[in-house]
Amino acid sequence: VFDGNVADVATVLPTLDRLKHQFGITRCIFVSDDGMASEENLNELQKAGYEYITSLSLGKSTVGNELIANMPAKERFAQLSENMWVLAIGRDGPLRYIAVYNQDRARASRRHRTKRLRDCVVFLRQLHAPPKARTRRRTPEQVCQAADKFLRQKACRDFFVVGHNEAAKLEWGLNRKALRRERRKDGFLILKTNAPMLSDQEVARAYRTLWRVENAFRHIKDVVQLRPIRHWSNPLVLGHVFVCVLAYTLERLLEKRLQEANLKLSAKAALTELASLTVVTLELEGQQVRRRSRITTAQSRILAAVGTQEVPELW
């Protein structure tokens, strides 16, 4: 648990040091998105003898954009699962670059971008229209600034050319070249790894497990209610986080047992199903007798999946 003002990218090297010296981990493959994989971190990982798998930022990485621009046809990709295709596309010494294509992600990217573009067109047309009689007239520079601000908010600034003519009227158009470059990225990830013993398919599968870690943090902060943390001293903060992580660990263990028993239930659904199972304590002639409620078929399957012996009706 780090202080709240520590940037994510600064947590990698201290954690690496703990893995190596406190826990004695001799082989570790660090998997992260591009936000955590600074050049400094990757160099230190390499020096320490650790392997890594990370993705390139297709918005900022020169190497990533070059690889996208020269991407082979999708027919050359090997299908790894229903919606994932993989192809090795380059090497740089010990580094390998692997392209991963996901058609569902491609459709989602196109859909979101189209909606943003439509919002931008509507806004620009309103700016382009003559001002109403009582509306304070803005200067051409102010109109262009308003357009620029809105386009940046929608992450669409590169897709439009904006200016004004000699009559001080807003003029704009689509930057079709930039749009074509962006469409080439739809559905693609470029992975970078120095792990020599992993196949291209294993690298892609390993990176895909990142979503489970990210989902775990979302879950801890939401369902298990890690936040808000209403503590100020370090022992209380650590204790609060420990309880939340322990609760999530037990929840994942429950889901693992359910999956092994071929029960298609989340832990939350299973606990909801078990919520009506109760035990009542009765006083009879000075003696205590406990009686459980009736166990349904669904409850019986869940209890069997987690290895709980059936409790007698009376004891």
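A: We start with a helix: the buried residues of α8 pack against β1 (29–32), α7 (200–208) and α9 (234–260). Contact means heavy atoms within 4.5 Å; buried means under 20% relative accessible area with a 1.4 Å probe, protein chains only. Helices (H or I, at least four residues) and strands (E, at least two) are DSSP runs, numbered from the N terminus. The model is predicted, with local features needing pLDDT of at least 70 and side-chain atom pairs 80 or more, while totals for chains, interfaces and linings use all residues. Residues are numbered from 1 along each chain, and side-chain values use heavy atoms, without hydrogens and water.

Q: Which residues of α8 are buried?
A: In an α-helix, residues three or four places apart point the same way. In α8 the buried residues are Leu210, Ala216, His219 and Ile220.

Q: How is a nonpolar core read, and which residues have the most contacts inside the largest one?
A: A nonpolar core joins buried Ala, Val, Leu, Ile, Met, Phe, Trp, Tyr and Cys through side-chain atoms within 4.5 Å. Here the largest has 25 residues, and Leu45, Met71, Phe77, Ile89, Tyr97 and Ile190 have the most contacts inside it. Strand β5 gives the most, four residues. A second, separate core of 17 residues includes Val121 and Phe159.

Q: Which residues does Leu45 touch?
A: Leaving out residues up to four places away in sequence, Leu45 touches Leu16, Phe30, Tyr50 and Tyr52.

Note on methods. Buried means under 20% relative accessible area, exposed over 50%, partly exposed in between (1.4 Å probe, protein chains only).
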